[in-house]
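Hello,

Here is the structure I promised to pass on to you.

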Amino acid sequence: MKKIINEPDNYLKEMLSGIYIAHKDMVTCTDGDLQCLVSKYKKEGKVGIATGGGSGHLPLFLGYVGEGMLDGCCVGDVFQSPSAEQMLAMTKEIDSGAGVLYIYGNYNGDIFNFDMAAEMADMEEDIRVETVLGADDVASAGPSAPGEKSTRRGVAGIFFVFKCAGAAADKMMDLDNVKRIADKANANVRTMGVALTPCVVPRVGKAGFSIGEDEMEIGMGIHGETGIRRGKIEPADQIVDEMLGQIVADLPYESGDEVAVLVNGLGATTLDEQYIVTRHIDEVLSEKGISVHRYYVGEYATALEMAGFSISLLKLDDELKEMLDSDAKTPFFRQ
């Protein structure tokens, strides 16, 4: 394992300490618990928006707490859920009387602890909590039937849900409408990723899986979950064609649609490579008659030092476009 760290057991605490030092004007912690991060930006009567999950994905989840996006975030150790008690403490801190919306990825450990926190918030604190589960990874499962819960993983596309819901809350919409907009964004975003290398959890000290030097895995998850196929590394354009083809077909996205595109590095992919990918995405979408309102390129949801990238598409209407275009200011994202 090659990492610039001290003791692996101190990885989370020291990383969080660095964030509070670097961004002390924007964020603070709740009740002295470094794992419960909240925004210093307060707006009385605004719906609070909270997220959380395992560490190891910066700037997801912590990096999107601030003006126009999230109000709070709880994180566990690397790839591990925060506790229900931590989520409750953060929920109490960000509630200003209008209720709280939880937005987080579709993972069992997170669901269990967030649901418990929501129940405690309601019963013990009289705080209304609603939930939206990010489930945008088209490689992880097929589409769910109408009315059924999705079994897809939440990955980088949750950024779009954060952005749209955060804007709605900042415009002082009520909880029902903030949730409606979050649900709409969530229903219209699709993601697929590709991995070239594994990553190393500091406490473990070795890669969680192996992949050949000349191999890639299409559809791998951000914790190393199995993808849809493994094979020899192909040219960038061929990789984009396969991934984008499945994304576009899944919703489906059609000629005349307008979208936002997120090209997300998984931790060890250079911006040079990400822009090579962006170039071909634009060519493919143009050929399909799909126009792009905005591109977001960079690291938005990583997996430690995993090499690879993901593509997310958000189908837009006028309301989502307004939310997406609204100003935001967080430690890791400004618009």
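Lining the largest cavity are 15 residues, and those nearest its centre are Val155, Gly193, Met220, Ile222 and Ser310. Please keep in mind throughout that this is a predicted model. The space inside the largest cavity comes to about 90 Å³, and a search of the whole structure turns up one cavity of 30 Å³ or more. Strand E7, residues 189–195, gives the most to the lining of this cavity, with five residues. Sorted by class, the lining of the cavity has nine nonpolar, five polar and one charged residues.

Next, the pockets. The largest pocket has a volume of about 440 Å³. Its lining is made up of 17 residues, and Leu133, Ala135, Ser144, Ser150 and Asn186 lie nearest the centre. Two elements, strand E6 (129–134) and helix H5 (175–187), each supply at least two residues of that lining. Helix H5 gives the most, with four residues. In the lining of the largest pocket you will find seven charged residues, along with five nonpolar and five polar ones.

The second largest pocket has a volume of about 190 Å³. It is lined by 13 residues, and Leu196, Ala236, Ile239, Glu273 and Phe309 are the closest to its centre. Helix H6 (236–250), helix H7 (271–287) and strand E12 (308–315) each bring at least two residues to this lining, with the largest share, four residues, coming from H7. By class, the lining of the second largest pocket divides into eight nonpolar, three polar and two charged residues.

Two threonines are also worth a look while you have the model open. Threonine 302 sits in the loop between strand E11 (291–298) and E12. Is threonine 302 buried or exposed? Its relative accessibility is 4%, so it counts as buried, the cut-off being under 20%. A polar atom of the side chain of threonine 302 lies 2.7 Å from the backbone oxygen of leucine 58. Neighbours within four places in sequence aside, threonine 302 is in contact with Gly56, His57, Leu58, Gly265, Leu266 and Gly267.

Threonine 226 is found in another loop, between strand E8 (215–218) and strand E9 (229–232). This residue has a relative accessible area of 62%, so it is exposed, which takes a value over 50%. Not counting residues up to four places away in sequence, threonine 226 touches Arg153, Glu217, Gly219 and Met220. Met220 is also among the residues nearest the centre of the largest cavity. From threonine 226 to serine 140 is 8.3 Å in space, C-alpha to C-alpha, although 86 residues separate them in sequence.

Finally, the chain as a whole. The protein chain has eight helices and 12 strands. Its radius of gyration is 19 Å, close to the 20 Å that the globule rule gives for 335 residues, so the chain is as compact as a globular protein of that length. Along the principal axes, the C-alpha trace spans about 55 × 50 × 35 Å. Of the 335 residues, 54% count as buried. Among contacts with a separation of 6 or more, 72% are between residues 24 or more positions apart.

Enjoy exploring it!

Best wishes

Definitions and conventions: Residues are numbered from 1 along each chain as its sequence is written. This is a predicted model: local features need pLDDT of at least 70, side-chain atom pairs count only at pLDDT 80 or more; totals for chains, interfaces and linings use all residues. Side-chain values use heavy atoms; hydrogens and water are left out. On a 1 Å grid over the protein atoms alone, a cavity is a set of points where a 1.4 Å probe fits but cannot get out, and a pocket is an open set with protein on both sides within 12 Å along at least five of seven lines; lining residues have an atom within 4 Å of a point. Grid points are joined across faces, edges and corners, and a volume is the space filled by probe spheres set on the points. Ala, Val, Leu, Ile, Met, Phe, Trp, Tyr, Cys and Pro count as nonpolar, Asp, Glu, Lys and Arg as charged, and the others, Gly among them, as polar. Buried means under 20% relative accessible area, exposed over 50%, partly exposed in between (1.4 Å probe, protein chains only). A polar contact is a pair of N or O atoms within 3.5 Å; within protein, one must be able to donate a hydrogen and the other to accept it, and residues adjacent in sequence count only if both atoms are side-chain atoms. Contact means heavy atoms within 4.5 Å. The radius of gyration is taken over C-alpha atoms; the globule rule is 2.2 Å times the number of residues to the power 0.38.
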